[in-house]
Structures are given as C-alpha cells and as structure tokens.
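Here are my notes on the model you sent for comment. Please read them with the structure open.

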Amino acid sequence: QQDVLKTNIEISKLKTREASFLQEIVGAESMMRAILNRPQTEPIGILEYDSLSPVEHSVDKLLAFARTSRPMVIHDSLGVTEGELMVSMSKQEYLPDFRVSLERVTMPVMGINSWSVTAGITIPFAPWSLSKASARVQEAEAEHSMRESMYRATQNMVEAQIREAYARVMSFETQVITFERAIVPQSYQSLLSALTEYQTGRTSYLMLIDGFRMYHELKMDAVMARMQYEQSLASLERQVGVVTLNAIPRISKENQQ
C-alpha cells in the first residue's frame with residue numbers, strides 16, 4: 001500500500017511538471033509565430049531535430065572564410081579602400097595641370113593657311129592657399145588611418161567571437177555525444193536492473209523511484225545539452241556570416257596536396 005501511495009505522489013508531481021512544460025510550450029510557439037510572421041492560430045507542428053552532425057571545419061578555415069565573406073568585415077575593408085582613394089585624390093591637388101592644343105587656321109580670302117600650337121600649365125595652388133591643400137591631405141590621411149584601425153578592430157573582434165563560439169560548439173558537441181552514447185543508455189540499464197531487483201525483493205521501492213528520477217533527469221539534461229549545442233552552432237554560423245556551415249566549400253585532400 002505504501003508503494004501505491006508513493007506511486008500516486010510521483011504521478012501527481014509529474015502531472016504538475018507537465019502543466020508547467022505545456023505553459024512553456026505555448027509561450028515558445030507564440031514567440032515562434034511572431035518571429036515567422038504567422039497568425040497565432042496557425043499550428044506549429046511537431047519539432048524534431050536530426051541526428052548530431054559534428055562540425056567538419058576547423059577554426060582556422062572558419063576564420064579565413066569570415067575574413068573574406070562576413071558582411072561586417074567586407075564593409076570595413078571597403079572603407080579602407082575608400083580612404084586610400086581619398087588620400088590619393090587629395091594629393092593630386094598638388095600636381096599642376098598641363099594643356100596642349102593644336103589649331104589649324106584657314107583664311108582663303110587673305111590666303112592664310114597655317115597651324116598653331118599652344119601649351120600651358122596651371123598650378124592648382126598659390127603660396128597663400130598651400131596650407132589649405134595640405135590640411136585636406138592630412139584630413140584624408142587621418143580618415144584613412146581611422147578606417148584602418150576600425151578594420152583591424154573588426155577583424156580582431158570577429159576572430160575572438162568565432163573562437164569563443166567554436167569552443168562552445170565543441171564543448172556542447174562532446175556533452176551531447178557523451179549523453180547519447182554513454183550516460184543515457186547506462187542510466188536506462190541501471191533502471192532496468194533496479195526494476196528487476198525490486199521485482200525479486202532485493203531492493204526497496206525508493207531505490208526504484210530514485211533510479212526512475214535519475215533516468216528522466218539525465219534524459220532532460222541530454223535534451224538541454226542538445227538545445228545548447230544548436231544555439232551555439234547558430235551563434236557560430238552568425239559570427240562566420242553564413243546561414244549554415246554547409247555553405248562553406250570543403251577542400252578535398254587532393255586540392256590540399
């Protein structure tokens with residue numbers, strides 16, 4: 001009778017937790033509909049994740065790809081190019097302008113038929129305006145230096161973010177594999193062993209309940225680790241600048257050789 005009462009208590013506790021989980025599901029589905037711009041009455045359906053696919057790219061390859069493909073890095077690199085052009089255009093104000101013209105003069109009435117050549121040079125600055133031209137060059141060089149600093153800072157920030165996200169992915173990947181291949185199966189075998197011992201009277205009901213709790217808690221921990229893995233993977237993809245890491249071309253061993 002005590003075992004039956006303890007079972008009813010455990011069932012009641014599980015129903016309470018189930019109600020809490022259902023409430024969280026409703027909130028998550030509502031947020032997902034808002035993100036996808038769908039009506040709140042449209043069903044989401046059952047969400048399932050595929051089997052774990054380890055990340056095949058090294059962190060060095062991800063960094064190399066991000067340096068040439070991430071929009072933020074490309075934007076700042078174009079800013080550096082623009083700064084170089086501005087400096088070059090500012091320095092051209094020091095160069096004089098040359099003008100050469102060839103003219104043919106024909107006057108049949110007066111019997112004139114001749115050619116004339118004219119050449120000229122225009123100095124773009126005067127001694128009293130030379131300081132203004134120098135100031136414009138200095139301003140362009142300062143702007144270029146600032147953009148180079150911003151570009152280097154962006155590269156360093158992107159590299160740090162990618163390395164951190166990659167380390168998190170590798171950590172959670174190890175946790176997921178350990179849960180799926182070792183912890184959860186061994187916990188299930190332990191639960192079956194406890195059930196057999198309880199049926200033969202070699203253990204108490206509390207030990208069986210503890211085994212049941214531990215098994216389901218480990219399953220929840222495994223799901224939580226998988227969720228954290230997917231979140232960290234999405235963060236890594238965002239830092240690299242791709243929708244999915246599968247979009248990064250793979251280099252075969254033959255091409256590497």
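Predicted model: local features only at pLDDT ≥ 70, side-chain atom pairs only at ≥ 80, totals over all residues.

1. Residues are numbered from 1 along each chain as its sequence is written, and side-chain values use heavy atoms, with hydrogens and water left out.

2. Helix α1 covers residues 2-36, and its 35 residues reach 51 Å from first C-alpha to last, close to the 51 Å expected (1.5 Å times one less than the number of residues; helices are DSSP runs of H or I, at least four residues, numbered from the N terminus). The residue that follows α1 is N37, with a positive phi near 60°.

3. G241, which follows α5, has a positive phi near 100°.

4. The axes of α1 and α5 (residues 205-240) come within 11 Å and cross at roughly 15°, which makes the two helices roughly parallel (angles under 35 degrees). Among the residues of α1 that meet α5 (contact means heavy atoms within 4.5 Å) are K6, L14 and F21, and those of α5 include L206, I209 and M220.

5. Within α5 lies R226, which is buried at a relative accessible area of 4% (buried means under 20%, with a 1.4 Å probe and protein chains only). Not counting residues up to four places away in sequence, R226 touches Y49, D50, S51, L52, V176 and E180.

Notes: Axes fitted to C-alpha atoms, helices over the stretch in contact; angles between N-to-C directions. Parallel < 35°, antiparallel > 145°, perpendicular 65-115°, else oblique. Buried < 20%, exposed > 50% of the residue type's maximum accessible area, 1.4 Å probe, protein only.
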